[in-house]
Amino acid sequence: MDKKLIKGNEAIAEAAIHAGCKLFFGYPITPSTEVVEYLSKYLPKAGGTLLQGEDEIASINMCYGAACTGARVMTASSSPGYSLKQEGLSYLAAAELPVVVVNINRTGPGLGGLGPSQSDYFQCTKGGGHGDYRLIVLAPSKGQEMYDYTMEAFDLADKYRNPVLILADGFLGQMMEPIEIKDRPDVQLPAKDWVTDGCLGRAKRKIASYSLTNEIGETNNLYWEAKYQAIKEQEQRWEEFCTGDADYLIAAYGTCARIAKTVVLNARKKGIKLGLIRPITLWPFPEKAFAPYKKQVKGVLTVELNTGQMIEDVKLALECSVPVSLHRRLGGMLPHEDEVLAALIQEFNIPVEREV
């Protein structure tokens with residue numbers, strides 16, 4: 001395996017090429033622009049095509065048309081641009097078209113700022129556009145995962161015929177780390193007997209999302225609901241850190257999870273049995289990760305770069321059986337390890353016995 005020192009955004013782009021992505025449609029927006037820039041240079045050399053749409057709305061609908069042919073397709077943007085893609089994403093989910101979407105979250109609302117933020121959690125995990133639909137959402141916490149999860153996103157999109165989202169913040173997108181480049185020569189795509197690539201010699205195929213009668217509409221929605229339930233059962237993913245004997249837990253993803261690992265180690269030096277659960281899939285949310293701790297732990301602190309969004313899913317996963325509190329920073333600010341530990345101690349009134 002080769003190693004490259006590249007930005008997280010560039011790791012996403014490199015992974016897309018090695019995963020067999022052949023078409024990219026997008027529009028540059030900070031802090032995700034390096035995805036477009038990198039692919040504009042290297043995707044054509046790999047036999048692919050990149051086209052900058054006139055805006056994000058055009059770009060997501062280009063993805064719709066291209067995905068109908070069965071090719072691997074990707075787009076990338078940041079928060080305001082991602083908002084413009086919502087109608088197209090709803091159509092993609094309804095038409096069951098596999099597309100990989102990247103959102104390098106910036107602060108908000110409105111134009112916001114370019115610092116790290118997790119304020120798009122609700123939009124990305126609850127649908128975002130109209131109607132009952134879901135995207136599979138993967139949340140990397142380091143450069144290598146930006147690469148690895150992008151590779152996997154294409155496989156998941158094809159497996160479930162569903163859009164898959166990579167959600168990261170501007171810190172991860174811009175930070176440079178050494179990445180192992182895992183080549184996948186001769187990527188074999190699964191059989192796609194639904195593509196619209198010309199019907200000479202076979203029956204016509206149609207990809208559409210409209211339901212002109214209520215009966216058909218209900219049938220379609222029940223079908224999608226069953227698919228999402230299967231994804232929810234099979235694809236919950238998470239990482240646990242020092243949870244075996246934990247009296248308290250931190251729940252955090254992305255950049256916050258990196259910070260939280262140091263908090264856990266610092267807490268244990270003070271005799272506090274603290275552990276971390278890091279959701280890797282934000283949807284489906286890893287409810288299974290929290291289930292064993294409903295009666296074990298005394299409290300959970302979610303650490304987020306927003307006013308409190310993932311905390312709702314944590315409370316639901318724990319069925320309100322454990323006190324759950326929030327520590328957050330906003331507007332592009334990152335929490336320091338010491339302030340997170342201090343918040344945990346104060347919130348749950350934890351006695352600090354000693355320094356180990």
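Cys 242 sits in the loop between strand S9 (238–241) and strand S10 (248–251). Its phi is near 60°, a positive value in a residue other than glycine. The model is predicted. Cys 242 counts as partly exposed because its relative accessibility is 30%.

Cys 320 also has a positive phi, about 55°, although this residue is not a glycine. Its place is the loop between helix H12 (310–318) and strand S14 (324–328). Cys 320 counts as exposed, because its relative accessibility is 66%.

**Cysteines and disulfides**

How many disulfides does a search of the whole structure find? The search finds 0. Cys 63 is in no disulfide, and the nearest cysteine sulfur, that of Cys 21, lies 8.7 Å away. A disulfide needs two cysteine sulfur atoms within 2.5 Å. Cys 63 is buried, with a relative accessible area of 0%. Cys 242 is in no disulfide either; the nearest cysteine sulfur belongs to Cys 256 and is 18 Å away.

**The nonpolar cores**

The largest nonpolar core has 91 residues. Which of its residues touch the most other members? They are Met 74, Leu 97, Phe 290, Val 300 and Val 314. Helix H7 (residues 143–160) gives the most to this core, with 9 residues.

Val 300 shows what such packing involves. Leaving out residues up to four places away in sequence, Val 300 touches Leu 249, Ala 251, Val 314, Leu 318, Val 322, Pro 323, Val 324, Ser 325 and Phe 348. One of these partners, Val 314, is itself among the core residues that touch the most other members.

A second, separate core has 22 residues. Its members include Ile 250, Ala 257, Ala 260 and Ile 272.

Tyr 147 lies in helix H7. Is Tyr 147 buried or exposed? Tyr 147 counts as buried, because its relative accessibility is 0% and the cut-off for burial is under 20%. Beyond its neighbours within four places in sequence, Tyr 147 is in contact with Ala 11, Glu 14, Ala 15, His 18, Ile 179, Glu 180, Ile 181 and Lys 182. Tyr 147 and Ala 13 are 134 residues apart in sequence, yet their C-alpha atoms are 8.1 Å apart in space.

Gln 144 lies in helix H7 as well. Gln 144 is buried, with a relative accessible area of 16%. That value falls under the 20% cut-off, so Gln 144 is classed as buried. With neighbours within four places in sequence set aside, Gln 144 is in contact with Pro 178, Ile 179, Glu 180 and Lys 182. Ile 179, Glu 180 and Lys 182 are also among the contacts of Tyr 147.

**Lys 294 and its loop**

Where is Lys 294? Lys 294 is in the loop between helix H11 (287–290) and strand S13 (299–304). Lys 294 is partly exposed, with a relative accessible area of 24%. Apart from neighbours within four places in sequence, Lys 294 is in contact with Ala 317, Leu 318, Glu 319, Ser 321 and Val 322. Leu 318 and Val 322 are also touched by Val 300. Lys 294 and Pro 163 are 131 residues apart in sequence and 32 Å apart in space, C-alpha to C-alpha.

**The cavity**

The structure holds 1 cavity of 30 Å³ or more. The largest cavity has a volume of about 40 Å³. Which residues line the largest cavity? The lining consists of Asn 105, Ser 117, Gln 118, Leu 167, Ala 168, Asp 169, Tyr 253 and Gly 254. Strand S7 (residues 164–169) gives the most to this lining, with 3 residues. By class, the lining has 3 nonpolar, 4 polar and 1 charged residues.

Key:
Residues are numbered from 1 along each chain as its sequence is written. This is a predicted model: local features need pLDDT of at least 70, side-chain atom pairs count only at pLDDT 80 or more; totals for chains, interfaces and linings use all residues. Side-chain values use heavy atoms; hydrogens and water are left out. Buried means under 20% relative accessible area, exposed over 50%, partly exposed in between (1.4 Å probe, protein chains only). A nonpolar core is a set of buried Ala, Val, Leu, Ile, Met, Phe, Trp, Tyr and Cys residues joined through side-chain atoms within 4.5 Å. Helices (H or I, at least four residues) and strands (E, at least two) are DSSP runs, numbered from the N terminus. Contact means heavy atoms within 4.5 Å. On a 1 Å grid over the protein atoms alone, a cavity is a set of points where a 1.4 Å probe fits but cannot get out, and a pocket is an open set with protein on both sides within 12 Å along at least five of seven lines; lining residues have an atom within 4 Å of a point. Grid points are joined across faces, edges and corners, and a volume is the space filled by probe spheres set on the points. Ala, Val, Leu, Ile, Met, Phe, Trp, Tyr, Cys and Pro count as nonpolar, Asp, Glu, Lys and Arg as charged, and the others, Gly among them, as polar.
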